[in-house]
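Load the model in your viewer and keep the selection panel open. The tour below goes stop by stop.

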Amino acid sequence: MGRKKKIIDENNIIKKKKGTDRITDKVAYKRASKRSFQNKISKEKIQTINTNIQEADMKTVLVKDLNKYLGEEIILKGWVKNIRFSGRLIFIIFRDGTGEVQCVAFKPDLGDEKFILAKALTLESSLIIKGVTQKHEKKEDEFEINVTDIQIIQLAHNYPIAKKDHGPEFLLEYRHLWLRSSKQNALMKIRHTCYFAICEFLNENGFYRFDSPILTPNACEGSTTLFEVPYFDEGTAYLSQSGQLYLEAGIMSLGRVYDFGPVFRAEKSKTRKHLTEFWMMDAEAAFVEYEENLQIQEGLVRYIIQTVLNKNIKELEILERNIEQLKKADAPFKRMNYVDAVNYLKTRGSKIANKSDFGANDEVMLTEHLSVPIFIEKWPKEIKAFYMKRDPNNENFVLGADLLAPEGYGEIIGGSQREDDYALLIERMNEEKMDLESLQWFTDLRKYGSVPHSGFGIGLERLVAWISGTAHIRETIPFPRMIYRIYP
Ligand code: 4AD
Ligand code: MG
């Protein structure tokens, strides 16, 4: 890493000089390879002793279900997470995606030849293990496998990720392998839970899934962060920043709708909260006004917390999340008007100007001491999107709220009541110098049976970062896309 020129920005994110990553990482790869090299035997020898395990009358079991098979001989299929040799004993930490279990290969039980085979195992080799499930010798509630047979599926090359700490750039370069580590595995499981909890809550509350397009003719969230795509004879298309505008068409047919998919922001932000591609769930509902919109959001977020606490305690422990703190978030959320938030920030020394968005530090100051999320309400119209309805009590503000996660994790939801009056909407779009033609379909919605309506969008990665207690959102998505990273 020493050869690399580092530029550290205000958020402590290291920006690398373009093009040098791959070269330095190759050197690191070679070093790591040397470290993990061990117990080589010839390919021919392996071929002759690597006989197939007879599976005919035996069940393949998942590690998470081992408690149902105490005392039984079973088959496991997976990978070597770790291995330790000690005379006539080999300890394999085996993983299959659902969990990890120690498998003990004792030479007299396994036989001489298969013991040689076990000795050849390298980190991340794939294999089938036959063995008897037993209670772990030392750990209560854990199991261990007494290995009776073994079959290597593929003997892994020298694994580049060693046990010692690697820097984030190295790990991101090997993201395709890093995903196998316990913490990354736990994060993906929590992401999975959040995804399905969101869908469950919405399905239970009368929202229909309504998939919005990714290729669009217009901006949704301002034209400065659009990815352009050449689109045949039609000119330029843009990758969607949010499906919201399309959902507003959907509600006029279905009442309540949601979408859930990747969205794109060509933002030049190098913070721990910004990705260029992330997953958003947008929800939209007809005849729902400002207040009810906040209630739906609060209900949703509390349901997600409850579901993760029900299903992922083990994963939260692996991630060393403060679980008691997370439990406290399942309580009524706080609220504060934007103007009061700015005044509070100023008393704490923030340099925030009036009518400007919060900086990362402002968000931290507003929420670090909180245990529940907080809605920041009624923003100045100048800094919010054109579609937000103005506050009837003060035309300079909009009926929009951002939901900030507690403990300094920042904004997780943006939402508002929408402008449903045709003339007022056109007025706002003209103020913003927007292209009315490409959005005619959208303004049409205010001409044919317009109704009061509201909606919101939740960023899945920011939600997972908060719930799992992960500092940088790059670890909460399988393959993060950031301004300086498109590989792998
Ligand atoms: O606040 P945003 O920009 O709101 C919208 O796009 C609305 N159209 C949503 C709606 O009303 N249907 O984005 C919503 C959420 C943010 O609160 C944040 O969680 C996440 O999307 N988000 C990002 N996540 C990761 N990287 C980025 N660059 C993000 N930008 C927004
Ligand atoms: Mg926002």
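**Stop 1: the domains**

Colour by domain to begin. Domain 1 takes residues 6-37 + 161-172, domain 2 takes 43-154, and domain 3 takes 179-476. Keep in mind that this is a predicted model. Now select domain 1 and domain 3 together. Their C-alpha centres are 33 Å apart.

**Stop 2: the largest nonpolar core**

Select Cys 194, Ile 198, Leu 460 and Ile 467. These residues touch the most other members of the largest nonpolar core, which has 74 residues. Next, show helix α7, residues 182-204. This helix supplies the largest share of that core, 8 residues.

Zoom in on Cys 194. Which residues is Cys 194 in contact with, leaving aside neighbours within four places in sequence? Pick out Ile 304 and Val 308, then Leu 460, Leu 463, Val 464 and Ile 467.

**Stop 3: a second core**

Move on to Ile 90, Val 101, Ile 145 and Val 147. They are among the members of a second, separate core of 21 residues. As background, nonpolar side chains tend to be buried together in soluble globular proteins.

**Stop 4: Pro 478**

Go to the segment after α16 (460-468) and select Pro 478 there. Is Pro 478 buried or exposed? Pro 478 counts as exposed because it has 12 C-beta neighbours inside 10 Å, and the cut-off for exposed is 12 or fewer.

Pro 478 touches both, not counting residues up to four places away in sequence. Finish with a distance label from Pro 478 to Lys 81. C-alpha to C-alpha, they are 20 Å apart in space, and 397 residues apart in sequence.

Methods
Residues numbered from 1 in each chain as written. Chains lettered and ligands numbered in written order. Predicted model: local features only at pLDDT ≥ 70, side-chain atom pairs only at ≥ 80, totals over all residues. Domains from an automatic or database assignment. Core = buried A, V, L, I, M, F, W, Y, C linked by C-beta atoms within 7 Å. Buried ≥ 20, exposed ≤ 12 C-beta atoms within 10 Å, placed from the backbone. Helix = DSSP H or I, 4+ residues; strand = E, 2+ residues; numbered from the N terminus. Contact = placed C-beta atoms within 7 Å.
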